[in-house]
Amino acid sequence: MRRPEISGAGFGAEWSCPAGTEPVCRCSGCDIEKPPDCSTGACLSSPIILLSTPAGRSPLPGRRADTADDVLADTDLGGRFAVVTGGYSGLGLEMTRSLVRAGAEVLVPARRPDRAREALADLPRVSVAALDLTDQADVRRLAGEVRAAGRPVDLVINAAGIMRGPRTAVGPGWEAHLAVHHLGHFTLTALLAPALAEGARVVGLSSAGHFLSDMRWEDPHFAQPDAYDQWTAYGQSKTAVSLAALHLDGLLAPRGAHAFSVHPGSILTPLQREVPLRTRRRLGWVVGEDDRPAPGFKTPEQGAATAVWAATSPLLEGQGGAYCQDCDIAAPADSDDMLRGGVKPWVLDRGAAERLWWWSAGATGVGAVL
Ligand SMILES: NC(=O)c1ccc[n+]([C@@H]2O[C@H](COP(=O)([O-])OP(=O)(O)OC[C@H]3O[C@@H](n4cnc5c(N)ncnc54)[C@H](OP(=O)(O)O)[C@@H]3O)[C@@H](O)[C@H]2O)c1
């Protein structure tokens with residue numbers, strides 16, 4: 001069969017495959033070839049939201065850190081206390097497992113506590129607490145309970161997340177991605193801040209999806225008619241996660257604590273459960289007749305690596321607020337191709353980070369941190 005090479009300017013381009021041919025799709029902007037799984041004749045007409053990035057680069061000379069366990073292989077977290085939202089599914093579950101193996105005690109706030117206890121049943125030193133991040137009162141309750149327990153918190157990894165289709169409004173009409181990824185974690189982190197130990201770290205799960213949207217200051221909750229687009233909403237919320245880490249780091253630095261955000265890579269997890277299979281195929285996330293992960297996708301164990309690296313690596317001393325990927329600080333993105341990774345400039349904008357912080361304080365009613 002003839003294999004035509006079909007070019008387009010970036011992954012947002014409309015490419016069409018001649019009927020009866022087996023397509024090979026190559027992006028002229030980045031020269032990356034996509035899997036030839038286009039059976040419909042229309043290939044890759046939407047932006048790729050999850051990325052194919054190589055597994056973790058070596059964070060230490062001569063040593064390969066592929067998985068979260070590799071990252072923590074020589075790290076003793078005995079006596080350390082961590083809070084991992086979403087720490088019972090996908091990447092968060094692997095983070096919890098690795099932190100516990102390294103000796104930490106972990107509290108997992110969970111929207112489905114019974115499901116969380118089941119998933120974590122084989123692990124020592126793990127406790128589960130109910131938490132719905134879309135419910136600000138619930139977030140305040142949990143933060144209050146943690147503070148009342150009096151135990152200093154060494155690590156906070158905000159891994160809970162969603163990937164929704166139709167616009168979903170929660171609480172006072174907040175867009176769900178922004179509410180879960182940013183506003184829920186904003187309140188949780190701000191209220192936990194007084195309990196942070198000297199040298200504590202806060203890590204937010206951002207995404208290369210931040211490429212898809214800067215903050216939409218005029219309409220952050222997509223209230224305008226026809227404004228909503230699920231990928232723009234996901235992207236804006238991930239930009240917010242990184243900006244919040246950037247500003248929080250400055251607030252925490254005087255106490256020796258720091259904040260980071262990370263892109264974990266591309267990993268098939270329950271996160272994509274509301275993305276139809278036909279869409280996952282069209283976007284190139286799964287390939288072949290068995291719908292296996294596309295080449296370059298990480299395993300959940302690999303996907304957990306950068307977050308635990310950001311939470312623990314001494315190499316990040318003096319680098320507070322950084323956006324990380326592949327167990328490294330991300331370089332500035334040199335194209336609009338999310339497959340190449342990197343960080344967009346709007347995520348490093350300190351003015352926008354401060355603006356977001358105070359906008360969030362106004363929205364949540366959570367005032368000064370510390
Ligand atoms: N997987 C990837 O390729 C990828 C790429 C870039 C960034 N990320 C980010 O990495 C993080 C972890 O993703 P994942 O792939 O591990 O997803 P996952 O397996 O779906 O885990 C997400 C967790 O968040 C919880 N959660 C969702 N809404 C919540 C709420 N309102 N309150 C409390 N908890 C809530 C989920 O609880 P339920 O189980 O009850 O729903 C689940 O435990 C997310 O922030 C995601 O955006 C992932």
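The structure is a predicted model, in which local features need pLDDT of at least 70 and side-chain atom pairs count only at pLDDT 80 or more, while totals for chains, interfaces and linings use all residues. Residues are numbered from 1 along each chain as its sequence is written.

The chain contains ten helices and 17 strands; helices (H or I, at least four residues) and strands (E, at least two) are DSSP runs, numbered from the N terminus. Of the 370 residues in the chain, 51% are buried. A residue is termed buried if 20 or more other C-beta atoms lie within 10 Å of its own, exposed if 12 or fewer, and partly exposed in between, with C-beta atoms placed from the backbone. Two residues are in contact if their C-beta atoms, placed from the backbone, lie within 7 Å. Among contacts in the chain with a separation of 6 or more, 69% are made by residues 24 or more positions apart.

An open sheet of eight strands has mixed pairing and the order 8-7-6-9-12-13-16-17. Its edge strands are strand 8 (126-130) and strand 17 (328-329), each of which pairs on one side only. Two strands are said to pair if DSSP finds at least two bridges between them. Strand 7 (residues 105-110) and strand 8 run parallel and are joined by five bridges, with Val-128 of strand 8 as the bridge partner of Val-108. The chain passes from strand 7 to strand 8 through helix 3 (residues 113-119) in a right-handed β-α-β crossover. A crossover is called right-handed if, with the strands pointing away from the viewer, the path from the first strand over the helix to the second runs clockwise. Strand 7 is mostly covered, as five of its six residues are buried.

On to strand 6, the pairing with strand 7 is parallel and spans three bridges; here Val-83 stands opposite Leu-107 of strand 7. Strand 6, helix 2 and strand 7 form a right-handed β-α-β unit. Strand 6 (residues 81-85) is also joined to strand 9 (residues 153-158) by four bridges, and these two strands run parallel. The bridge partner of Ala-82 in strand 9 is Leu-155.

Strand 13 (residues 258-263) is mostly covered, with six of its six residues buried. In a regular strand the side chains alternate between the two faces of the sheet. In strand 13, His-258, Phe-260 and Val-262 point one way and Ala-259, Ser-261 and His-263 the other way. Five bridges connect strand 13 with strand 12 (residues 196-205) in a parallel arrangement, and three bridges connect strand 13 with strand 16 (residues 323-325), also parallel. Val-262 of strand 13 stands opposite Leu-205 and has Cys-324 of strand 16 as a bridge partner.

A nonpolar core is defined as a set of buried Ala, Val, Leu, Ile, Met, Phe, Trp, Tyr and Cys residues joined through C-beta atoms within 7 Å. The largest such core has 94 residues, of which Met-95, Val-108, Ile-157, Ala-307 and Val-308 touch the most other members. Helix 5 gives the most to this core, with ten residues. A second, separate core of eight residues includes Ala-208, Phe-211, Tyr-234 and Met-338. Leaving aside neighbours within four places in sequence, the contacts of Met-95 are Ala-68, Val-84, Gly-87, Ile-157, Ala-159, Ala-304, Ala-307 and Val-308. Helix 9 (residues 305-312) is mostly covered, since eight of its eight residues are buried; Ala-307, Val-308 and Trp-309 are among them.

Arg-273 lies in the loop between strand 13 and helix 7 (277-282). Arg-273 counts as exposed because it has 9 C-beta neighbours inside 10 Å. Arg-273 and Ile-162 are 111 residues apart in sequence, and their C-alpha atoms are 9.4 Å apart in space.
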